[in-house]
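Please look through the structure below with its ring-bearing side chains in mind.

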Amino acid sequence: MMRLRVLFPLTSLLALSGLCTVPCAGQDWAKAMLDKSPRHGEYVSIKEPSGRVLQAWVVYPEVKDKAPVVVMIHEIFGLSDWAREMADEVASAGYIVVEPDLLSGFGPPMTMSASDATKSIVTLSGTGCDPMPCRPGQTNEHPNGGAAPAPMDHMHMQGDSGTAFMAMNPGGTSAFPDQNAVVKAVSSLDPAVVLADLDAAADYGKKQPAANGKLFVAGFCWGGGKTFAFATHRKDLSAAFVFYGPPPPADAMKNIVAPVYGFYAGNDARISATIPQTTIDMKAAGKKYDPVVYDGAGHGFMRAGEAPDASAENAAARAEGFRRLISLMGGMR
């Protein structure tokens, strides 16, 4: 029997009209944490069967044995500093994390000379912008708080499988002028393209020599909804972890083969109000759905709970949510 577990005393659900409880720009704290990481993180370019090139951030754990792969799906705010830092933290528990930039190639075109383009690629050595061609004069201070490069010992031009990183024009998340433009672009993505990108990221991860064949997917906010949708499509998933994302149509749930675990905020009725019907629909489809609501937390608590000004409720939900995620995947490795 499906059950709804609530952590912390449950209070009334408060409707939130926004997608995020706090602005996602200005994530210096996330970048600072990432820069201190001892783990190997790299940008890779993944060529899909269609010919599309997908950029992804990949982080490897420091373990002696082969590890499971987690495809991580970013928020509606794109591949931000926090998104990369979250991938690094999951990797710290013993998992290979592949996090695609789903805006790859969809950024505004950037006009520059051939010499400027060459210079921009050279800046990947550690002092320039993130792994797309920089605008002339651009530095790693992105107005949208987007991904900036880790130090050179944490970021490499070529993946372990020999997939060379290729700068793109148009670029991805960091090519957009501000956060509003990123949100609009992510909101406009073709679901079929997103699905193909996630398949490509999953296939790439599973083919890595350090991977053990086990595959998970986890996503946040907009990415939480895409995680649930991906579970209706991908048949080799061991589990799907939906962080405050909406469910797919009920008639698609019959295609799910992996258990789906939900992580929801008490003060997020826009999303959390979907739990009762989702529980009914998943049960009718004969699928496992295990949602947990963290009372007092707001939408986006996995990011907001890390921020220096995090509320006690968001910080507690973030800590418990991370522990639950790692435990469900098999624990620390």
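## Chain and aromatic rings

Among contacts in the protein chain (heavy atoms within 4.5 Å) between residues at least 6 apart in sequence, 74% join residues at least 24 apart. This is a predicted model, in which local features need pLDDT of at least 70 and side-chain atom pairs count only at pLDDT 80 or more, while totals for chains, interfaces and linings use all residues. Residues are numbered from 1 along each chain as its sequence is written, and side-chain values use heavy atoms, with hydrogens and water left out.

Of the 333 residues in the protein chain, 56% are buried, where buried means under 20% relative accessible area with a 1.4 Å probe, counting protein chains only.

The structure contains 11 aromatic pairs, a term for rings of Phe, Tyr and Trp (its six-membered ring) whose centres lie within 6.5 Å. One of them joins Tyr244 and Phe301 in an edge-to-face arrangement (planes over 60 degrees apart), with 5.0 Å from centre to centre and 65 degrees between the planes. Both Tyr244 and Phe301 are buried, and they also belong to one aromatic cluster, whose members include Trp82, Phe241 and Tyr294.

| Charged residue | Ring | Distance to ring centre |
|---|---|---|
| Arg84 | Trp57 | 4.7 Å |
| Arg324 | Phe263 | 4.4 Å |

Phe263 is also one of the members of the aromatic cluster.

Technical notes. Rings of Phe, Tyr and Trp (its six-membered ring) pair if their centres lie within 6.5 Å; planes under 30 degrees apart count as stacked, over 60 as edge-to-face and the rest as tilted. Buried means under 20% relative accessible area, exposed over 50%, partly exposed in between (1.4 Å probe, protein chains only). A charge sits over a ring if NZ of Lys or CZ of Arg is within 6 Å of the ring centre and within 35 degrees of the ring normal.
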